[in-house]
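Please look through the structure shown here before reading the notes that follow. They are arranged by topic, so that each point can be found in the picture.

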Amino acid sequence: MTTTFLQINNINKRFGATQAVNDVSFGLNKGEVLALIGENGAGKSTVVKILTGIYQPDSGGIVLNGETLRLSSPQAAAKSGIGAIHQETVMFDELSVAENLFVGNHPVTSKFFAGGLVNWKLMLERAEIVLDKMDAKIDPEMPLRELSVAQKHLVQIARALSQDSSVVIMDEPTASLSKAEIEDLYRIVRQLRDAGKAVLLITHKFDEVFALADRYVVLRDGKNVGTGNITDTSSEDLIRLMAGREVGALFPKLESKPGNVMLEVKNFEHPTEFSSINFSVRKGEILGFYGLVGAGRSEVMQAVFGLNAAATGSVLIDGKTVSIKSPADAVKNGLVYVPEDRQIAGAILPMSILHNITLASLSSIGNILNRNKEESMAMPLAERLSLRAANLEQNVSELSGGNQQKVVLSKWLATNPNVIILDEPTKGIDVGAKAAVHSFMSELVQNGLAVILVSSELPEVMNMSDRILVMREGRLVAEFDARVATAEEIVSQAAGNTRELVV
Amino acid sequence: MKVWKTYGRELILLGLLLALLVGVGIRSPSFISLKTFDAIWHDSALLIVLALTQMLVIMSRGIDLSVAANLALSGMLVGLLAKAVPGIPVIALLICGALSGLVLGIINASLINFLEIPPIVSSLGMMSVYRGLTYVVSGGQWINANELPTGLVDFPNARFLGITGLEWVSLIALVLGWFLVHQSRFGREIRALGGNPNAAKYVGIPETKRLFVLYALSGVVAGMVGVLWVARFALANTEIASGFELQVVAACVLGGVSIAGGVGSVIGTALGAIFLTTLYNALPVVNVSPFWQTAIVGVAILVAAIVNQGASRVKGKTILRRA
Amino acid sequence: MTENSRSNPVRARAPFKISSLLLRWELLLLVMLAIVMVLNGRLSEYFWDAANLGDATPIFAEKGMIALAMALLILCREIDLSVASIIALSSLLMGFAAQSGANWVVLLLVGVGTGTVCGFVNGFLVVRFAVPSIAITLGTMSLFRGIAQAVLGDTALTSYPESFGNLGQGYALPNLPISFVTFLILAVCVGVFLARTRWGRNLYAIGNNPEAARFSGIPVARYRLALFTFSGTLAGLAAVFLTSRITTTRPNIAQGWELDVITMTVLGGVSIAGGVGNILGVVLSVLLLGMIQFGMGLINIPGIVASIIIGILMVLAIALPPIIKRFVKPDAKS
């Protein structure tokens, strides 16, 4: 049919109510870098998991070098020559760096005893070769738990390279790297391409796409909505493809007049996570927090919310100093936090929508539960956020990501907060739900709430915020007025320009 | 520094063990003798063997509470066999014990891996069932020394190169255990599985397959220990090794095995078992009533669990650069 | 399902389905209980006798009380292996108090108080050091019973005042022992607490997702501490009834009860994985296990053989529901 090296034909994958991947086809040649781009939740990670044997597609096929593959396990994928750097940290803290590179694929001496005895010497040698190739100065015998975040990331990249795959998949590889580390990664990717590997680069950063890729595939809501050569396109075209609508429609920012200072955070310090954090947010204002993944933004917000006992500093709400030692204290003072990890820290998936929405405000109903009062608390919120569900007794686990997020938002709005902190509120949700969350944010500030938006998506931060703060390595490094700031300025502050040695 | 990072937990335990010996030795110098060490080793041998397999199970984030009941049932079956077939060779009895243990282990492994019953519930249920079956197969009768082959009863105390049979068994278990846990692919994958089950899926470790083999192995070992137990005490009845599963788990916890999974070493676990046995042996020597044994073990478990946890507590991210 | 819901507004309640009522675990327990009662009646002519039935209750009512607290703990992904040892320690202190001439009120307070303190110690260690409760309570299980053993050696305390014996041997109503009535009253209280109050709702939230519960402003650590303390309190209360019933404190008193109590809880439908279960199920399972043991006693089957059936029941209790659901779901959906 085609002469492409890796061909994906009509892949489908469904999770409950969500069609995560919808009839996706594309091809990948040897010696080229193909960028698979799309918003968070467009289905990129699902495609990666199908290609690496973690998920099996409901239908469709994968052809590699003319052979149809059945990737029933990660090992099958590795054996076929498909290696991946996953977005989530796939690491074992208790094992050494070398073993982390080879676990699941240990070099063994003989097969007679319990799957073979591990050949430590060979493993160390091979680990050293791979780490040297990457210029990573990491002792392969070190236990992984002793490494810094960036070093762990390098180990993960080394793992993919160690498998000597013909297809290398990189899922958001630069999300937590500094600028200098990103340059190193670019070099590695180009090396791979020149060595004749087929590279699939999953990303939503345009500078990466234009710096590295030869061709692109755009996914939106699980569908392939456009393919072509990088030289024939522009970032405006790609944004339009990714969003499926004009940018303005995705970011319905309404004018609002910021009022008095609602929340003031003073001298927040933590021994290892952040230092000298001072900021304030006004009524009717959206304050954007931008930075690389791992810059310490979530850590600061969780400390403000009373989740980090080691942090020190003071918080003023509406001009009054308040003592926040636990989330309960924060909620009492009208400060709420929508965490980034919706499924772990946000929603309680096995519980009903109703019970999730009322969870944080049960005390206003009374100590004895009252079904009718709970319903009259939850129904208006469900309608206001146009929640898509059959009924309030449905478990949250049955809802799509966007609707789960609406339930979490409803839970906090039921407490009548003054300040709401949103940590990556649109991560992993479809474009329609994203627009709904954005328009809802606009509505909130018009009603006089103060909103803090923590986001790694530059368009979101730039289009929704009134002011933007940038964090890098645990410190606030810059403040911008959103109306005049440029993307280049913000990114260069976030990534930093100089390379410092990580010890 | 590197030695400390890798073996810190074991060194602390070794230090505690030495401190215990010195402490007891000051009160009663005769305690520090080869004879005492020999007795402690002999006494701890079976505990070491069971603790080693339990360590692997706990490392995988599971637990096997059925080992003592499996031991009793296998021991009883072998005892009945020996009684019915006088003159049966000892090795045949050992193999029968292993087979019985394997079958019982596979039942537990199937419940855990195919019916997805949490290990604590499954092994607790099987503990009741196996203990009850021990009563049923024996009709509540005892099997005494005169009904067991002398070759079997003599084996635990028989000395070869100056070392008793049980001590040899524990030596073999330690060597095999060390290869299995630290050198074999199986052991490394079990450790990875317990350390981060989600990541283990990404690197393609077949969880069900590995855990099935693990619980079956735990059964085999319990079955063989059952034969040795009957041989050592020259007695099989429904009550043998009752509650021993908790001592096994205690030896693991003392040896630095984390209940949260992924952490544990053969040396540490063996030291844990020896520490426990030393404590038992030392109490009468220092004129503490042996009735204090249980309470002291309790304190030891608490301290070990708290110290282990403190050592492995998740550190926050280090985001700030060190100057 | 989602397709048509797009056009419709969200409804407050799900439509009533008879299958969801019929598939309740509690119903299955009730059917099993009925079968066991009928079988017992067939096996022994002495079974359907109010006095006999009443006298059979204290044995399981004492364990059942602890199961109520254990249910809350397991619901929140915790476990307390030390309950039987708490009984031993409570009984020990009651024995000493009785020797120095305490009356039954003081003994009751000593028993319950000791249990409460022990439970608080468990809770404090679990919360303060963030150690899995299975490890902590394994340790205190040895420690608490060890203290009783060390103090008693191979002796026993038997000098309890006559008034004290009434608690465990007396009747609240004709044929209804005080301990059984106490168990029922406690069951209603705990049941209402769990199902009808906001604290109960918070327990479900903690059990289903402790992290999200913490992020929702629920003081998770405080709940844990309270639950372990409560478990100790009820173990202390059980110690009062048990000691009073047998008027003897031996170091091996209530040995192995923790396993019976956990079996009762799990068979009652409380999931070890957390977040699932209710008190009605636990009460039914307490009655079911009690009746099985009583029936077997009537036909002279030793307790250790009964444990085979109980062990199998416990495993089935967990294995069956997912299997039943797998078979029933296809037609329930269409």
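In this predicted model, four strands of chain A form an open sheet in the order 12-11-14-15, and their pairing is antiparallel. The two edges of that sheet are strand 12 (277-282) and strand 15 (320-322) of chain A, each of which pairs on one side only. On average, and with direction ignored, neighbouring strands of this sheet are turned by 20° against each other.

- Strand 14 (residues 312-317) of chain A runs antiparallel to strand 15 of chain A, and three bridges join the two.
- Within this part of the sheet, Leu316(A) has Thr321(A) of strand 15 of chain A standing opposite.

**The six-stranded sheet**

- A further open sheet in chain A has six strands in the order 16-17-18-13-19-20, and here the pairing is mixed.
- Its edge strands, each pairing on one side only, are strand 16 (335-338) and strand 20 (475-481) of chain A.
- Strand 16 of chain A pairs with strand 17 (residues 419-423) of chain A in the parallel sense, over four bridges, and Tyr337(A) has Ile421(A) in strand 17 of chain A as its bridge partner.
- Helix 19 (residues 487-495) of chain A lies across strand 13 (286-290), strand 19 (467-472) and strand 20 of chain A, and it runs at about 30° to strand 19 of chain A.

**Helix 17**

- Helix 17 (residues 431-446) of chain A has 16 residues, and from its first C-alpha to its last it reaches 23 Å, which is close to the 22 Å expected at 1.5 Å a residue.
- Several residues of helix 17 of chain A are buried, among them Val431(A), Lys434(A), His438(A), Met441(A) and Val445(A).
- An α-helix has 3.6 residues a turn, so residues three or four places apart point the same way.
- Just after helix 17 of chain A comes Gly448(A), which takes a positive phi of about 95°.

**The chain as a whole**

- Chain A contains 19 helices and 20 strands.
- The radius of gyration of chain A is 24 Å, close to the 23 Å that the globule rule gives for 503 residues, so the chain is as compact as a globular protein of that length.
- The C-alpha trace of chain A spans about 65 × 50 × 50 Å along its principal axes, and buried residues make up 52% of the 503 residues.
- Among the contacts in chain A with a separation of 6 or more, 68% are accounted for by residues 24 or more positions apart.

Methods: Residues numbered from 1 in each chain as written. Chains lettered and ligands numbered in written order. Predicted model: local features only at pLDDT ≥ 70, side-chain atom pairs only at ≥ 80, totals over all residues. Expected span 1.5 Å × (residues − 1). Buried ≥ 20, exposed ≤ 12 C-beta atoms within 10 Å, placed from the backbone. Pairing = 2+ DSSP bridges. Axes fitted to C-alpha atoms, helices over the stretch in contact; angles between N-to-C directions. Rg over C-alpha atoms; globule rule 2.2 N^0.38 Å. Contact = placed C-beta atoms within 7 Å.
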